[in-house]
Amino acid sequence: MKIRPRLILVFVSSILPLLVLATYLCISLIAEKQKNFDERLSNIAGSAAATVAQELGNTLSLLNYLRVTQASRIDDHDELRRVADLLIKEQRLANAVVLADPFGKMLLHTAASPQQGLPFNRSLPLYEAIRNDPRPMISDPFVGLVQSEKILAAAVPLRSNGQLAGVLAATIPLRALSTLMGAQELPDGWVVAIADRRGAVIARSDGADPAGQRIDIAGNGGGIGFAALPAIGRDHAAGESLATPEWRVYCLAPSGDPTPFLRHSYAISLIMVLGGLAAAMALALPPIRRLDIEVRALGTLASGHARQLVRQERFTVEELATARDALLASERHLRDREEQQRSTEQQLRKAWSEAEAARREAERAGRTKTAFLAAASHDLRQPAQSMLLFVELLKMKLRGHPAAPLVDSLQQTADSLHVLLNGILDISKIDANFVRTDLVSVELAAILRDIKAEFEDQAAARGLSLRVLACDVTIRTDILLMTRILRHLVENALKYTDKGGVLIGCRRRGATIRIDVVDTGHGIAEDHLDAVFEEFFQIGNPSRDRKRGTGLGLAIVRRLAAALEHPIELSSRPGRGSRFSVVAMEVRQRPSGSRTIASHGPGADRLPLPFPDAEGVRNPLLVIVDELYVRTAMCTVLTEWGFDVVEAASHQEAVRSLGGRRPGMVIAEHRLGDGESGNAIIAAVRERYGTDLPAVIISADLSALSRVAAAEARATLLGKPVSLHELRKVIRRELQRS
């Protein structure tokens, strides 16, 4: 090949990667825009579906609330109308409540006046469906006989003695669904639509009449695809399914979004590549011509010198052959090295891919494990709760019996299992992001008083002092999570202190408060300062003695502090003691609308066994738990303490078991069967027997939402598995308040 083509080839090969890179960047930008477009469609559809599901859930919750609270007065139509009118004002979808018999005869319609006659719509498919399958459901759209507009109905069955006694429904105008969809933030020309399981459009965000319109998606299984929407005029759609009812919520974009842009981008990319190549050639030709002339001149000069060298016989033929062989050997060696390098690179890429796949699989397995443990906490805590109660019963029954030491050993084992189970579930729930924080203004002194009252007897039994310095400050934190952090720190300090004691105090540092837990214990070596916050790490306990704990307390402290954004500090000297500190923001003035929470005093924490004044409680304790073995264990313990106990598994059973007697207290589990909740039952019992009735809710869910719900219900929330010490303390405090 001549020198000029070679030079051109070298230059083009050097500029070609730049052109390929430019093309790749253009295509990447196009793909990114397509991805963003698809994600925006999906996000809007998902947000709209979540809004619809939430509002439909609120409507069904309203009906369930009316079914539970008004069950005994369902024939009092005036009272039912009054309560329903108050509650329906808070609904964004429902505008009326309807009471009908099982055959569709309307007995009450809040949108009609009491004097107005009500129609008899026996042919409405909703009543036929609920007679065949008596469960909460959402109807198909129909024209209301009272409201004279297109509506649909959410309905729940009313049962009496196991038979369908009627239907309680809420009417939802289709215009309300359209208004709800119209509240979504949409780009110009985009539409959110709701379609039933047959694809018929029910409501649209633009308020247009959906009559006769259908949505038929052709794409990747209901995700981003193209929709045949002649009546709606949109070519791109993303859908999100609802479980109840069987609807799909679609976000629809105009056909001009984004197809022309993609076509233009591809054309622009091709023009850029061709133009760049042409420009490179135009710029390269003049230098190549000059270089060609110079190289030809150099070649002519070299030829002359070569001929002269041959004439002078400086090199023999053998020497030239040897040089040629050496050059060929070097070339082969270079090719071998390049081949080895390519093989090594392939092996490295394969190993990296395998390592990356293993890492992703390990992360997925870890997330699956933590999510499973966190979600299964209720089912795991139930048998632990029963075991603690039954062990306590055995201990009371066998007091003084030769088998009493065996029961003591069983109780130690049960307590160790309790601590280990709580620790593992707490860490799993935190890692799975199941823990939510509720930051409020909290008086620190109240928390420290409770901590001192809880641990001062334990410290005194070991000959240690427990001092709490005055901390008259207000911090912004989650009171429950902060109490758990300090409880773990104090418990850890007492565990590793043989003489001296533990000091709890606080110190102001600028706008923050540092809460210190200082002990005179063994101390921690510098190389273990980070390791003590790892799971199951314990200093000086290689045999895993259960009396030294499980090694999960400080791991929980670190995770809870991270969730609250409270820094943790540790300072320690071996043989001299340690200082664990939690840093929180100080609230110098109470913010407008904020809550300042103060815990109860320590006087309510001491409670002997059994209750010396239980016989003075005239009214029975009402225990509502749906799990038979848990209910049996708890009722047996309360009976042994001297209380008159009435047990039930549901609200209706509680009413029958009480037989008109007013309970002295209600102890209810948060989550019950058939969709009932402890909060709703407590409200219903108070409605019948008085609003001053004390109540306790037992739940495995201690999230911020559950705590707020318990506070609104004016009930004390206890976490599962609840210890008898906690149960005694709460019962004593609630009885003293009443």
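A residue is called buried when its relative accessible area is under 20%, exposed when over 50%, and partly exposed in between (1.4 Å probe, protein chains only). In this predicted model, 41% of the 738 residues of the chain count as buried. Local features need pLDDT of at least 70 and side-chain atom pairs count only at pLDDT 80 or more, whereas totals for chains, interfaces and linings use all residues. Residues are numbered from 1 along each chain as its sequence is written, and side-chain values use heavy atoms, with hydrogens and water left out.

**Helix α10**
- Helix α10 covers residues 479-495, where helices are DSSP runs of H or I with at least four residues, strands are runs of E with at least two, and both are numbered from the N terminus.
- Twelve of the 17 residues of α10 are buried, so the helix is largely enclosed by the rest of the structure; among them are Leu-481, Arg-484 and His-488.

**Salt bridges**
- The chain has 18 salt bridges, each defined as a side-chain nitrogen of Lys or Arg within 4 Å of a carboxyl oxygen of Asp or Glu.
- Arg-342 and Glu-339 form one of them, at 2.6 Å from N to O, and these residues lie three apart in helix α6 (residues 317-375), separated by about one helical turn.
- Asp-516 and Arg-579 meet in a salt bridge at 3.8 Å; Asp-516 lies in strand β17 and Arg-579 in strand β19, so the pair ties together parts that are 63 residues apart in sequence.
- Asp-516 is buried, with a relative accessible area of 8%, and salt bridges that share partners join Arg-509, Arg-514, Asp-516, Glu-569 and Arg-579 into one network.

How values were computed:
Expected span 1.5 Å × (residues − 1).
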